Amino acid sequence: MTQGYLTLRGPGRAEIVVKKSKFIATASPVAAEQDAQAFVDEVRREFWDATHNVYAFVVGEHNEIARSSDDGEPSGTAGRPVLEVIRREDLHYCAVVVTRYFGGTLLGVGGLVRAYSAAAREGLYASGIARAQAMREVRFVIEYPMLGKVQNHLAETGIEVAGVDYAERVAMRVMVPSDALDPFAKAMTELLSGAFEPQVGEERLALVDP
């Protein structure tokens, strides 16, 4: 879990047109199977007059739950291709609904697979892809003469500064990946010549760049 996994930053939507058929891909992060199903139902209600509302979703760190539906399209031409796009992007806790408004021209099996795959991909990119990483908030206090050195070290190691309070001493809050906590503490102890007394918060997931 400390290594994290790829997921969506938030809800997103994209639209493509293929031979006058409109494909609207709506994507969203989901926490559990019931959330994914609720999301699918919500999009279906929104596009109640569509020809098809195809969907696919995955739930679990290892995608233990994976579901898809062709919603009336020929078997294997819609839901499965959307699911494969999610898998190729290595996404987790993710749901996509691709809504189709038929434009009057049959696309054939290959055409449907390509259209649903392309729409799903655009929907995912519109949502934005991020890494869900297990993080700890670390609070510590330093003397002013050490501020520059500490800031440089944090920048070099990619540690995010969550807050700084300038008082008699400098109180800092930083976000550290859980699996980097020990090396971070060791490096800071050396940098501050032993004057490092961190307060470490509970582990929580945060979205970071992939």
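Analyst: A residue counts as exposed at over 50% relative accessible area and as buried at under 20%. The model is a predicted one.

User: Which residues of helix 5 are exposed on the face turned away from its buried side?

Analyst: Helix 5 spans residues 181-191, and its buried residues are Leu 181, Phe 184 and Met 188. These lie on the same side of helix 5, because they cover an arc of only 65° around the axis. The face turned away from that side carries the exposed residues Asp 182, Pro 183, Lys 186 and Glu 190.

User: Which elements do the buried residues of helix 5 pack against?

Analyst: The residues in question are Leu 181, Phe 184 and Met 188. They pack against strand 7 (129-142), helix 4 (147-157), strand 9 (170-177) and strand 10 (199-200).

User: Is helix 4 roughly parallel or roughly antiparallel to helix 5?

Analyst: The axes of helix 4 and helix 5 are 11 Å apart and pack at an angle of about 155°. Angles over 145 degrees count as roughly antiparallel. Helix 4 is therefore, relative to helix 5, roughly antiparallel.

User: What is the handedness of the crossing, and how many nonpolar, polar and charged residues does the contact of helix 4 with helix 5 have?

Analyst: Helix 4 passes helix 5 in a right-handed crossing. Helix 4 contributes Lys 149, Val 150, His 153 and Leu 154 to the contact, and helix 5 contributes Phe 184, Ala 187, Met 188 and Leu 191. By class, this contact has six nonpolar, one polar and one charged residues.

User: Which residue with a positive phi follows helix 5?

Analyst: Helix 5 comprises residues 181-191. The residue that follows helix 5 with a positive phi, near 55°, is Ser 193.

Notes: Residues are numbered from 1 along each chain as its sequence is written. This is a predicted model: local features need pLDDT of at least 70, side-chain atom pairs count only at pLDDT 80 or more; totals for chains, interfaces and linings use all residues. Side-chain values use heavy atoms; hydrogens and water are left out. Buried means under 20% relative accessible area, exposed over 50%, partly exposed in between (1.4 Å probe, protein chains only). Helices (H or I, at least four residues) and strands (E, at least two) are DSSP runs, numbered from the N terminus. The arc is that of the directions from the helix axis to the C-beta atoms. Contact means heavy atoms within 4.5 Å. Axes are lines fitted to C-alpha atoms, for helices over the stretch in contact, and angles run from 0 to 180 degrees between N-to-C directions. Angles under 35 degrees count as roughly parallel, over 145 as roughly antiparallel, 65 to 115 as roughly perpendicular and the rest as oblique. A crossing is left-handed if the near helix is turned anticlockwise from the far one by less than a right angle, and right-handed if clockwise. Ala, Val, Leu, Ile, Met, Phe, Trp, Tyr, Cys and Pro count as nonpolar, Asp, Glu, Lys and Arg as charged, and the others, Gly among them, as polar.
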